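Hello,

I'm passing a structure on to you today, and I'd like to walk you through what turned up in it. Here it is:

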Amino acid sequence: MDKRLSTILLSIVVLILIASNILIYINNHKDEIEESTNNEVEIENTIGNNVVNTKQEVQDKITSKVATLPEKNRMQIYFGNFITYVEQRNYEKAYKLLNESFKQNYFPTINEFEQYIEKYPKNMTVDYKNIERQGELFILTVEIKDIFDSSVEAINQRVVIRENGANDYTISFQIEQN
């Protein structure tokens, strides 16, 4: 009987630890989840007015909302979108966000980009160490690590974002040669 009780208690502790890890993951990725959901909306129904918005109208609303945010928040959203695409293995969308000359120099094909990105952790979290503006460029210093596996080595990287307008940007980043 005593062994059965200890097994039940151990099972409860394990379930509590799993639940707390899930909650931590959700809290740390809440903005990315919401942004991903917002970006994938095809049609939005406004029940009160019975108005149907097209994808372009929804995108315009997102753009106008992003335009009201401070620079730091916009840059975090932009890089967060990029990381979300990478994490979801939506390499085409991530590749489209890259600066053209950066792509030509380092990733002329999407396959080369995919091969490089494979070194990123599977379950990413981004820690923004520093954000500074140099003219029309924003330089972010970030640490990308695996939220669940602390044994995976973190990637420290400098990211350059060129904002052409609200929600219109390109990204390039520091390349580590093997």
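This is a predicted model: local features need pLDDT of at least 70, side-chain atom pairs count only at pLDDT 80 or more; totals for chains, interfaces and linings use all residues.

Which residue forms a salt bridge with Glu163? The partner is Arg74, and the closest N and O atoms of the two are 2.8 Å apart. Arg74 sits in helix α4 and Glu163 in strand β5, so this pair ties together parts that are 89 residues apart in sequence. Here a salt bridge is a side-chain nitrogen of Lys or Arg within 4 Å of a carboxyl oxygen of Asp or Glu. Helices (H or I, at least four residues) and strands (E, at least two) are DSSP runs, numbered from the N terminus.

Residues are numbered from 1 along each chain as its sequence is written, and side-chain values use heavy atoms, with hydrogens and water left out.

Back to that pair: Arg74 is buried, with a relative accessible area of 12%, and Glu163 is buried too, at 18%. (Buried means under 20% relative accessible area, exposed over 50%, and partly exposed in between, using a 1.4 Å probe and protein chains only.)

The structure holds nine salt bridges. Another of them links Glu143 and Lys129, at 3.8 Å from N to O. Glu143 belongs to strand β4 and Lys129 to strand β3, so the pair ties together parts 14 residues apart in sequence. Glu143 is buried at 15%, whereas Lys129 is partly exposed at 48%. Shared partners join Asp127, Lys129, Glu143 and Lys145 into one salt-bridge network.

Now the strands (two strands pair if DSSP finds at least two bridges between them). β3 (residues 124-134) pairs with β4 in the antiparallel sense over 10 bridges, and Ile131 has Leu140 in β4 as its bridge partner. The hairpin of β3 and β4 has two residues between the strands, and Gly135 there takes a positive phi near 70°. β4 in turn pairs antiparallel with β5 (residues 155-165) over eight bridges. Six bridges then join β5 to β6 (residues 168-173), again antiparallel. β5 and β6 also form a hairpin with two residues between them, where Asn167 in the turn has a positive phi of about 60°.

The largest nonpolar core has 34 residues, of which Phe79, Phe82, Phe113, Ile161 and Phe173 touch the most other members. α4 (71-87) is among the elements that each supply at least two residues of this core, and its share, seven residues, is the largest. Such a core is a set of buried Ala, Val, Leu, Ile, Met, Phe, Trp, Tyr and Cys residues joined through side-chain atoms within 4.5 Å. Apart from neighbours within four places in sequence, Ile161 is in contact (heavy atoms within 4.5 Å) with residues including Met75, Phe79, Leu140 and Ile171.

Finally, have a look at Asp146 in β4 (residues 137-146). Asp146 is buried yet has no salt bridge, and the nearest side chain of opposite charge, Lys122, is 8.2 Å away. A polar atom of the Asp146 side chain does lie 2.8 Å from the backbone nitrogen of Phe148, and one lies 3.1 Å from the backbone nitrogen of Asp149.

Enjoy exploring it!

Best wishes

How values were computed. Lys and Arg count as positive and Asp and Glu as negative; His and the chain ends are not counted. A polar contact is a pair of N or O atoms within 3.5 Å; within protein, one must be able to donate a hydrogen and the other to accept it, and residues adjacent in sequence count only if both atoms are side-chain atoms.
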